[in-house]
Each structure stands twice: as C-alpha cells, then as structure tokens.
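Good morning, and thank you for joining this group meeting.

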Amino acid sequence: MMRYAAEGDPESVENILEDMEESGLEPGPFAHHACVFACVKAGRPDDGLGAMREMFAQGLKPIAQSYTAMIHGYMRSGQAEEAQAIFRSLQSSGHDAYTGWLAITTQLFAAGQQAAARQLVEHRQPQWLPDADLYEHIIKSVCTSTAERPFSYMLRTQQPAGQLNNADDHIQEALQVLSEMQTRMAVELRHIYPILEACGVHGSASAAETLIKQMMWTSQYPPPDGHCMECLAKAHIQSGSRNLREGLKTVLALVHKAQLPVTRKMRALLVEGSLLEDDLQGALRYFHTLRPAGRMATSVPDDVLDDLLYKLSAANMPAELLRTIMLMKSDFMRLPPVSTDSSGRSFLTLWLATRHLSAPPAAPEPGFEGVTVQPEVKAKSDVTEVDGVKIFEGKYAMNDEGKVLSPSAQKLSHLKAELTARGLSTQGKSAELKRRVMAARSAEPPDMAKAIRKKEAKQDAKRKKQREKEAAAGRGPEAQLAGADSDNKLKIQITSYGSGVPKVVEEFEAVVEDDEDVMDDVEEDVDPMQPATAATGLDDDSDYIVSDGNSAEDLLDDSNDAVSDLPAPPVSVSAPTQRLPSNQECGAEVALQLLAFGIDLFGSATAQDYEQMLQAAEAEQNPRVARGLAGSWHPVIKSAFDPETVRQMYTRAAKVCIAAKGTGAVHAQNVLQQAFQRGMELDPELQKEIQQQIDQQQQQQQQPTTS
C-alpha cells in the first residue's frame with residue numbers, strides 16, 4: 001500500500017482497502033493513512049480530506065502523519081487557509097502537533113505568508129523548537145521585520161516585539177536566534193546570509209565585521225565565503241562613515257586572510273565606495289579590474305556606472321572617460337538614459353564646458369591635501385558673481401577682499417556657488433560639498449600616455465639614427481643627417497594631434513643606443529586619434545591594467561600611502577594596442593568619438609551635447625567634427641530647439657567647413673544640402689560664397705601645370 005501511495009496511485013490503494021474488507025480484515029488508521037498520502041502525492045488534497053472524513057465516519061481517529069500530509073498537500077496547491085484549518089484540527093485531536101507546526105510554519109514562510117507564519121511562531125508551545133529549515137525562515141523574517149510590523153522569535157526570553165524599534169535591534173535578535181541554533185545543531189551559511197545581508201542594507205558594519213571574524217576564528221560557525229565579504233563591504237558603504245576608505249581596506253584584508261578570491265561583486269562595490277570618497281583614480285582602478293574578473297555588464301549597477309562617467313566628465317578627464325566607454329562597448333554594455341546637469345548636458349560633453357579649447361590647459365600643481373595651488377587674481381574682469389558670491393575665472397570662490405578661498409575655509413554659500421559655477425551638483429551636506437570642491441580643484445591625474453609618447457619618440461629617434469648609420473656606411477640612399485654632431489644624442493619633439501592641428505607639446509634630448517638590431521623592436525606608427533584595436537583599449541604602461549588573478553593580495557596596498565589607496569600592480573600586456581590621447585590632448589575630435597560611442601551605448605546624446613560640440617568645432621575650426629555633427633544631430637535638435645535655432649546650427653557647421661582649406665567648400669555644400677533636404681531655409685549669401693570657392697578650386701585644377 002505504501003508503495004502505491006508513494007507513487008501517487010490512490011486507486012490502487014483503495015482497491016487494496018476493499019480487498020481487505022472483503023477478506024474480513026478491518027483496515028486501521030495506518031491503512032487509511034496510505035490512501036490519504038496517495039491523494040496528496042497525486043495533487044488531490046480534497047480527495048485526501050474525503051478519505052479522512054470517511055475514517056471519522058467509521059469511528060477511526062486519523063494519525064498525526066495524516067494531518068501533516070494534508071497540510072503539505074494544501075500548501076503545495078496554494079490553499080493556505082485550508083492548511084491552517086487542518087492544523088487547528090490537529091491541535092484539537094489530542095496528537096502531538098509539533099510536526100504539523102513545523103510543516104505549516106515552514107510552508108507559510110516559503111509561500112510569503114509572513115503574518116500567519118509569524119503568528120504561529122510567536123504563539124508556539126514552549127517546547128517546540130525549529131528545525132534547520134525553519135530557523136532559516138525565522139532569521140530572515142526577524143531581519144526583515146519593521147517597526148510597523150515587528151516580529152520577535154525570542155519572545156519568551158527576551159524583550160517584547162514592540163520594543164524592537166530599529167534595524168540594529170532586529171539584527172541583534174537574529175544573532176541571538178543564531179546562538180540558540182548553534183547550541184542545538186550545526187549552523188550553515190544559509191542561516192548567516194540573512195543577517196549579513198541585513199547589515200549590508202542598514203549599514204551595520206560593526207555587527208557584520210564581528211560576525212565574520214567569529215566565522216573565521218571560531219569553530220561554532222562555518223568559514224565565510226565571498227558573499228559574506230560582499231555584505232560586509234556593502235555595510236561599510238551604507239554606513240555613511242567618514243572612514244569608508246579604511247573600512248574597505250579592512251574588508252580586503254579579511255578577504256586575503258580568508259584566502260578568498262575577490263569576486264566581481266566585490267570589485268563593483270569597491271568602485272561604488274571609491275566614488276563616494278570622490279576617489280576617481282581608485283574607482284577607475286577597480287572598474288578596470290572587472291575586465292579580467294568577468295563581464296562588467298552584470299557586475300556594476302547602472303546608477304554607479306552613470307555616477308562614474310558623470311564624475312569623470314565633471315573632473316575634466318575626457319581621456320579616462322573615453323577609455324572607460326571603450327571598455328564598456330567592448331563588453332557589450334548598455335545603460336538607461338543618462339543623467340544631465342542643469343544645462344541639459346550629459347557626461348559626453350560636460351568636460352567641454354570648462355575646457356579652453358583654443359589652448360589645452362596645463363596640469364595644475366598640487367597643493368595641500370591635493371588642492372590646486374591658488375591662482376593669482378590678475379584682472380577684475382575675470383571675476384563674476386554666482387548667488388552673491390564672487391567667482392574668479394568661473395571656478396574659484398572668493399571672499400569680499402578678493403582672495404581665493406580654500407575649500408576648508410569656505411562657508412556653505414561659497415561651496416554651493418563654486419559648485420554651481422563649475423556645473424556640479426550642490427546636493428549634500430557641507431562635508432560632502434567640500435570633498436566635491438577639493439576633487440574638482442585637484443590636479444590632473446598622471447598622464448598615462450606621456451610615457452608612451454616618450455617611448456615612441458625614442459623609437460623614432462632610433463630609426464633616424466639607424467638610417468643615418470646606413471647612409472654613412474653607403475648602405476642607404478640618404479645622406480648623413482646635418483647637425484647630428486653627437487653620436488648618442490638626438491633632439492626629439494612630441495607632437496599632439498588632439499585638437500586637429502599638429503602642435504609641439506614637449507621637446508627633449510634622448511640618448512640613442514648603438515644597436516644594430518634596434519629596428520627589430522620598433523613598432524609601427526599609430527594614429528594618436530584612432531581608438532585602440534585591442535579589446536581593452538588600454539596603453540601598455542597603463543596603471544589600470546591588472547593581472548587576471550582573483551587574489552585580494554593584488555588589490556591590497558602594503559604601504560601606508562593614503563593617497564594611492566589599494567592600487568593593483570601593473571603588468572605588461574602582450575596584445576598590440578594603440579595609445580589613447582591624454583587629458584590635455586583631448587578636443588573636439590575626442591568629443592566626436594565619445595558621441596559615436598554614446599549613440600551605440602545609450603541611444604542618443606542630448607541637444608545641449610550637440611550644441612557644446614559645435615562650439616568646440618568652431619573654436620578649433622575642425623571641419624570633420626562639424627560635418628559629423630550635421631550628419632547625426634537632426635532628430636535630436638529638431639525636437640529640442642525652434643526651427644530658426646536648428647537652421648543657425650546647420651549654418652554654423654557649414655561655416656566651419658568652408659573655413660578649411662582643400663575640399664572644405666564641398667563639405668560645406670553637403671551640410672547645406674542635408675539642411676535643405678530636412679526642410680531648412682538656406683542662407684543665399686552663404687550658398688553664393690560656397691559656390692564661388694568650388695568654382696575657384698575647379699579652375700585651379702583645370703589650369704595646365706608647368707615644370
């Protein structure tokens with residue numbers, strides 16, 4: 001009978017019962033229990049209830065297992081009220097209802113019936129203690145209870161549930177439940193997860209750290225895993241502590257001692273924590289370590305990614321912004337619509353608003369606590385006012401005597417005025433605003449591309465030296481270079497192409513080794529404005545490249561340098577890469593690249609982004625950028641601006657093209673044709689000027705050339 005019952009075959013069980021009655025054997029409660037159990041296994045709890053009623057009709061008393069089986073049957077079919085009615089019948093039957101209590105309470109918790117399950121727990125018999133499965137649900141319920149809906153498992157020995165007023169009280173009670181469980185049975189990680197997750201949500205870092213240390217150093221709890229460490233890191237981030245950096249260092253130290261790998265979620269939390277500390281270099285370092293650790297798209301939340309990109313742009317770091325977006329694109333990442341500032345600009349062009357495009361700014365000198373050296377006020381014309389506060393050069397808050405104030409000496413009004421002038425958020429407390437101003441004033445990050453440029457320039461010098469030696473030895477057509485009066489020194493110039501116009505940005509002498517095989521190690525020249533061909537898009541000497549190991553030791557900083565917090569050791573990359581421009585080199589060309597990547601990743605840029613990039617193209621007289629904008633902006637600017645403004649933007653783009661030499665007039669004509677096809681009225685004078693330049697170019701091409 002029990003074999004048929006286990007197979008869910010109540011018909012076969014009923015046949016056996018009939019055979020027993022025909023043979024003169026009276027079936028007892030255990031025989032009828034087989035019929036109840038078979039109905040439950042078949043998913044027919046109502047038929048099982050009919051079998052129990054038949055037992056009562058025959059004067060038989062069902063056994064406790066029949067009640068428990070019916071509880072499971074009704075709960076599995078989603079009939080919680082019927083299951084509770086069966087449990088009440090079990091309590092009044094005279095049987096020990098402990099197994100039924102375990103079954104219905106566990107099933108109610110699993111079904112999300114928190115109120116009913118909590119009531120059964122709070123009104124249980126004193127001798128009824130949970131099993132391992134019910135302990136897991138009770139700990140979860142204690143950790144998630146609120147002041148409006150309090151729940152206390154330790155009601156008989158501890159304070160009433162109404163006195164549990166905050167999250168820390170509930171976490172402490174969950175720890176007491178865990179201690180009680182540890183005296184009766186083995187504690188598993190599934191019982192500890194809810195407590196650590198609650199600590200992470202409510203920022204109870206001290207409680208989480210204490211529990212994890214007990215797991216590491218005592219035998220009463222299982223050793224922690226990566227998820228436990230992630231909850232501890234989350235707790236430090238949510239705590240709002242001023243020592244967040246030290247807290248994250250403690251987490252990584254515990255990960256290292258526990259010999260655990262640094263998970264992708266942990267690296268993503270380190271990115272979030274670094275952003276909260278306004279440590280952009282640390283955030284970039286941890287974000288780039290996600291690449292060898294796995295897919296970034298499933299690791300970093302969208303709001304953290306948006307915050308990272310926005311802060312990079314606000315800190316005037318377009319090179320790192322481009323590098324980060326290239327990594328996202330290579331990892332097939334997408335984001336929801338990005339946030340904008342008060343002017344409607346997104347992070348794609350926010351950095352252009354504070355950039356002097358005609359002359360890229362030099363890296364400022366660092367001062368006390370990383371704050372830039374205070375500038376000298378030269379003319380009152382450079383002073384403006386924002387909300388009644390004097391602002392020098394649109395960046396620095398001043399007092400009434402005309403002295404630039406350091407962030408530590410600024411009042412709340414000065415902080416908000418300077419942040420408003422810089423286009424940054426003014427939300428937050430005074431301490432947070434001060435950190436934001438300090439980050440905005442901080443020096444440019446180390447130019448990662450500078451070492452690469454020097455390396456390439458030295459390789460160019462080696463090429464020249466090799467050709468000079470071959471020419472002197474009669475092995476080449478070139479004569480010896482004039483002015484090369486030294487056999488080991490050459491004058492090297494480093495040229496930047498970031499703004500579309502070649503410009504010498506550095507000049508120095510390099511010692512060239514006399515190596516006959518020097519050409520074997522020379523790489524091919526690369527276009528400095530082209531994106532990297534490798535998947536990472538990183539420079540060979542970049543500090544952001546890390547090994548693909550998952551050890552916490554790779555992220556720990558053995559020194560006490562508080563500025564370079566937890567750096568990852570750089571290693572070389574064998575894949576060929578092309579260098580990216582530095583922050584100083586970035587101009588309209590980089591803005592156009594960011595726009596292209598932004599359209600792929602986010603769907604579209606804002607109308608203000610297009611306006612900002614057009615201003616950059618005008619400042620640099622860059623026809624390629626102007627032509628690229630005119631070919632992609634119409635759906636966005638048409639819905640944001642009036643027709644006259646849209647027509648003027650096309651006209652401005654055409655003027656940038658016509659000012660260029662060569663085929664600039666043809667490109668300007670193409671821009672106007674795009675405007676005409678989209679219903680824009682054209683400027684007759686501008687059309688006439690374009691046609692005249694085209695005619696002149698054609699005449700020059702038709703003139704015969706003389707030797």
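This is a predicted model: local features need pLDDT of at least 70, side-chain atom pairs count only at pLDDT 80 or more; totals for chains, interfaces and linings use all residues.

Residues are numbered from 1 along each chain as its sequence is written, and side-chain values use heavy atoms, with hydrogens and water left out.

The protein chain holds 28 helices and five strands; these are DSSP runs numbered from the N terminus, a helix (H or I) having at least four residues and a strand (E) at least two. Of its 707 residues, 45% count as buried, that is, under 20% relative accessible area with a 1.4 Å probe, protein chains only. Among contacts with a separation of 6 or more, 65% are between residues 24 or more positions apart, a contact being heavy atoms within 4.5 Å.

Let us turn to helix H23, residues 607-620. Its 14 residues reach 20 Å from the first C-alpha to the last, close to the 20 Å expected at 1.5 Å a residue; the expected span is 1.5 Å times one less than the number of residues. How many of the residues of H23 are buried? Ten of the 14 are, and the helix is mostly covered. Tyr610, Met613 and Leu614 are among them. The cover over these buried residues includes helix H22 (588-602), helix H24 (623-630), helix H25 (634-640) and helix H26 (643-658). Just after H23, Gln621 adopts a positive phi of about 55 degrees.

We come next to H24. At its start, a side-chain oxygen of Asn622 lies within 3.2 Å of the backbone nitrogen of Arg624. Buried in H24 are Val625, Ala626, Leu629 and Ala630. Viewed down the axis of H24, these buried residues fall within an arc of 130 degrees, so they line one face of the helix; the arc is taken over the directions from the helix axis to the C-beta atoms. Their cover includes H22, H23, H26 and helix H27 (664-677).

Finally, the sheet. Three strands make an open sheet, ordered E1-E2-E3, with antiparallel pairing. Its edge strands, E1 (383-386) and E3 (396-397), each pair on one side only; strands pair if DSSP finds at least two bridges between them. Two bridges join E2 (residues 389-392) to E3, and Phe392 has Tyr396 of E3 as its bridge partner.

Notes. Buried means under 20% relative accessible area, exposed over 50%, partly exposed in between (1.4 Å probe, protein chains only). A polar contact is a pair of N or O atoms within 3.5 Å; within protein, one must be able to donate a hydrogen and the other to accept it, and residues adjacent in sequence count only if both atoms are side-chain atoms.
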